[in-house]
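Please load the model in your viewer and switch to a cartoon view with side chains on call. We will walk through it one selection at a time.

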Amino acid sequence: MERRSRMLAVSALLLLVTAYLGLQAAFGAPAAAATPMATEQNTTNETASVLEQHAGNTLIGIQSYGDAYEGRAIEVTPNGEVIWEYEPDNSRVFDVEMLENGNILASVATKRPSSACPEEFAEGGCVHNRVVELDYETKEEVWNHSWYDVFVHNHEVHDADRLPNGETAIIDMGNNRAFTVDQQGDITWEWHAREHLGEGTEFDQQYDSPEYTGPEKDWTHMNDIDLLQNGNFQMSIRNFDVVIEVNRTTKDVVSVVGTPGEHDQLYEQHNPMRLNGTVLVADSENDRVVEYDVESGEKVWEYSQGILWPRDADRLENGNTLIVDTFNNRVIELNTEGEVVWQYGGIQMPYAADRLGGPEEGGVDATGENLTSKVEGDGVEKQVGTYVAWARFVFPGWVSFEEFAAATLGAVLSLVLVFDLALFGVARLR
């Protein structure tokens, strides 16, 4: 009798959990939303530049989870209104930026079936990497540069930067290279990691580079390139845990932040932003944003409260910091005291964000301002949050901590019920 009562109670609770998950599946998809912004917005007039007309808005590149390839780019106002959206078919969108002419430059990786791939890449499909310039109003491509690569994962184009001379700098992780291309599609400059970071190079002798793993093994995972004010290029070499500066003329590595394998410094970082003598880095695997003095290597600022796998961080002109909090599906803005004063959430795996009207490089650094660091330890709540974040690669986007906990409870209840049913059956056979 006791077993039957327990089975009835477990069944009733399991029914409630199932009903809750069913309702969440039907109505629980997170809605994109923003909290009010606590900063002044730039005023505009008829003579203002195109970028100033968009000042205060935020441009966001959204990757999407798992194998979905439902990426997009959006422009949102401070109150969370989406006023522009770009949704390429079967694609992921990574870095996006607004050009001076008001067009959008986007790094897009499109998943192609075998029938649409070059012969050498045809088996199992391929990725069509595209850097596209879009007319803002029509969203039509007015310029693009593209190439195919054999794998979809870890071979996608993550970043491109339009240069003052009209050329475009592109990072190409699949081929471990960076290059510039002109408007006619001709490559005007090229830099190969094996020649400057690989075995026998000065970098290797000083830092002991990770061993080259072959052309299709994601050796460097180069994911960001920026033109610095001195004319050099800054690159993020994610799998080396370093941000490097490369002399554009000699192609030599002239400065390094981080050390391969020293994960207390950087750990598989994304989207560094060079400031005035410092570099602000989304230190992804360390679940923090960190700022280092480039010359001394000293850490001057850090933030890690409540963020999971950040992949972009920009210092704004007012000293605030814009962070892409990827695994929490949001973009947040911190004030100088480290308080969240604005956020936009409900987006699936955002990659990059730009506050329009501000500088791409240079600006306020923590050594010249009273910026407050806030550091969070690896507590149970943070670990659970990490598990929930990774679960989004398997479960639908509406699954948050509550749904994940309910699903776990449902699985436990199901096991208890199966166990009781088995014991009940054995008892009856006796």
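Start by selecting residues 177-181, which form strand β11, together with β10: the two pair in the antiparallel sense over five bridges. Keep in mind as you look around that this is a predicted model. Within this pairing, zoom in on Asp172, which stands opposite Arg177 in β11. Then follow the chain around the hairpin of β10 and β11, where four residues lie between the strands and Asn176 takes a positive phi near 50°.

Now keep β10 on screen and select its residues, 168-172. Is this strand enclosed or open to the outside? Five of its five residues are buried, so β10 is largely enclosed by the rest of the structure. Colour the two faces separately to see how this works. In a regular strand the side chains alternate between the two faces of the sheet. For β10, one side carries Thr168, Ile170 and Asp172, the other carries Ala169 and Ile171, and all of them are buried.

Which residue of β10 is the bridge partner of Asp161? Pick Ala169 and you have found that partner. β9 and β10 also form a hairpin, this time with five residues between the strands. In its turn, click on Gly166, which has a positive phi of about 95°.

Time to move to another sheet. Select β5, β6, β7 and β8: these four strands form an open sheet in that order, with antiparallel pairing. At the edges stand β5 (91-98) and β8 (141-149), each with a single partner strand, so one side of each has no neighbour in the sheet. Look along the sheet and you can follow the twist, which averages 15° from one strand to the next.

Stay with the pair β7 and β8. Strand β7 covers residues 126-134, and eight bridges join it to the antiparallel β8.

Are its two ends buried or exposed? Cys117 is buried at a relative accessible area of 12%, and Cys126 counts as buried at 0%.

Terms used: Residues are numbered from 1 along each chain as its sequence is written. This is a predicted model: local features need pLDDT of at least 70, side-chain atom pairs count only at pLDDT 80 or more; totals for chains, interfaces and linings use all residues. Side-chain values use heavy atoms; hydrogens and water are left out. Buried means under 20% relative accessible area, exposed over 50%, partly exposed in between (1.4 Å probe, protein chains only). Two strands pair if DSSP finds at least two bridges between them. Axes are lines fitted to C-alpha atoms, for helices over the stretch in contact, and angles run from 0 to 180 degrees between N-to-C directions.
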